Amino acid sequence: MIDELQKEIEGARQSFLHELAHVQSPEKLAALKERYLGRKKGAIGQFLARLKGCAPAEKPAAGQAINELKAFIEEALAAVSCGDGAVREWLDHSLPASELPVGRFHLIADIQRRIEDIFLQLGYEIAHGPEAELEDYNFTKLNIPEHHPARDEQDTFFLEGHDELLLRTHTSPMQVRYMLAHKPPLKIISPGKAFRKDDPDATHSPCFHQVEGLLVDRAIHFSHLKGTLEAFCRSFYGPDVVLRFRPGYFPFTEPSAEVDISCFLCSPQQGSSPAGNCRVCKGSGWLEILGSGMVHPQVLRNCGIDPEVYSGFAFGMGIERVAMVKYGVPDLRLLYENDLRLLGQFG
Ligand code: DAH
């Protein structure tokens, strides 16, 4: 009985405060006073009437709780009433403003912008290409042969009713667009969405994001590619990161290299040995982050650039992959579920 009564008393205190906060006229204030302190029907009077039903042992505590509420209400009413019955302004200017939820960039957009910032500092321009792309630019001009498996309908979304159009399978066709439209020297990155007919799992999504890079000028060597990617990775992953270039194969670059960085969790410095059970690099000490290479002479030729005069390098990295590597996101599907508990952790 007493527990219940005490809960109700506390409830009445809360409702009183709530109502008081909304009182805007002397009449409303008087009515509020009547509702709580009024002789017969007032809340306090009703609580007191219920005292009779309490067990003798409970009476003192219950009575005290009611009296405390009464004193509290009287004090609060006195604080807001002016002598002439007007209501004092019910506004405390010293209170901090209530916090408004502030939006932030999605992790994918945030990473993309950080990558863009670094390359902007290195003098690159940002170029955007279309997501519905010509098959010619997505494959043929990039030196991807006619019967390459990537061209298969199993792997690529072709657009119905548009024989020559598909959803680009990578951001590399922007290299072609840019070279066709501009004369060297060229220095661009091109971020955006790419699409493949992959079933979603922890590391695949039919729509994902990449950042492409392309630099074409006279006398560009592999060392320029290496220096650029090193500068980027130091800036993005931290000054101690070590890069490893492994031979790779891409039809549009020759030679091609896959680039790994030292695992930030278990081997922050060159020479230290990786932890066998590292959950980030699975014990190898390295994390694969991008594909790169020297632009294939045939690709330059396809785009109207003389490979005897010009050379260049290109690279492409997956933004979801970066999110997984840099922020330890274990499953890329998490990035698309719009769960603020995940997305709110970054920024
Ligand atoms: N387009 C490649 C892919 O999606 C990535 C890539 C590799 C881009 C090498 C490049 C490059 O520009 O040089 O897997």
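Predicted model: local features only at pLDDT ≥ 70, side-chain atom pairs only at ≥ 80, totals over all residues.

Colleague: Let's start with helix H5. What span is expected at 1.5 Å a residue for helix H5?

Modeller: Helix H5 runs over residues 107–121, which gives it 15 residues. From its first C-alpha to its last it reaches 21 Å. That is close to the expected span, which is 21 Å.

Colleague: Which residue just after H5 takes a positive phi?

Modeller: Follow the chain past the end of H5, at residue 121. Just after the helix there is a residue with a phi of about 90°. That residue is Gly 123.

Colleague: Which helices are among the elements that cover the buried residues of H5?

Modeller: The buried residues of H5 include Leu 107, Ile 111, Ile 115 and Phe 119. Strands are part of their cover, among them S4 (186–195) and S5 (207–218). The helices in that cover include H8 (222–237) and H10 (319–327).

Colleague: Now for a pair of helices. Are H1 and H4 roughly parallel or roughly antiparallel to each other?

Modeller: Helix H1 (residues 2–21) and helix H4 (residues 59–80) have their axes 10 Å apart. They pack at an angle of about 5°. Angles under 35 degrees count as roughly parallel. H1 and H4 are therefore roughly parallel.

Colleague: How many nonpolar residues does the contact of H1 with H4 have?

Modeller: H1 brings residues including Leu 5, Ile 9 and Phe 16, while H4 brings others, among them Leu 69, Phe 72 and Ile 73. By class, there is one polar and one charged residue in this contact. The number of nonpolar residues is 17.

Colleague: Is Cys 263 buried or exposed?

Modeller: Buried means under 20% relative accessible area. Cys 263 has a relative accessibility of 0%. For contrast, Cys 207 has 24% and is partly exposed. Cys 263 therefore counts as buried.

Colleague: What about the peptide bonds? Which residue does a cis peptide bond join to Glu 254?

Modeller: Most peptide bonds are trans. Another cis bond has an omega of about -5°. This second one joins Glu 254 to Pro 255.

Colleague: Where is Lys 282 found?

Modeller: Lys 282 has a phi near 60°, a positive value in a residue other than glycine. With a relative accessible area of 67%, Lys 282 is exposed. Its place is the loop between S7 and strand S8 (286–295).

Colleague: Is Asn 338 buried or exposed?

Modeller: Asn 338 also has a positive phi, about 55°, although it is not a glycine. It lies in the loop between H10 and helix H11 (340–343). Exposed means over 50% relative accessible area. At 57%, Asn 338 is therefore exposed.

Note on methods
Residues numbered from 1 in each chain as written. Heavy atoms only, no water. Helix = DSSP H or I, 4+ residues; strand = E, 2+ residues; numbered from the N terminus. Expected span 1.5 Å × (residues − 1). Buried < 20%, exposed > 50% of the residue type's maximum accessible area, 1.4 Å probe, protein only. Contact = heavy atoms within 4.5 Å. Axes fitted to C-alpha atoms, helices over the stretch in contact; angles between N-to-C directions. Parallel < 35°, antiparallel > 145°, perpendicular 65-115°, else oblique. Nonpolar A, V, L, I, M, F, W, Y, C, P; charged D, E, K, R; others polar.
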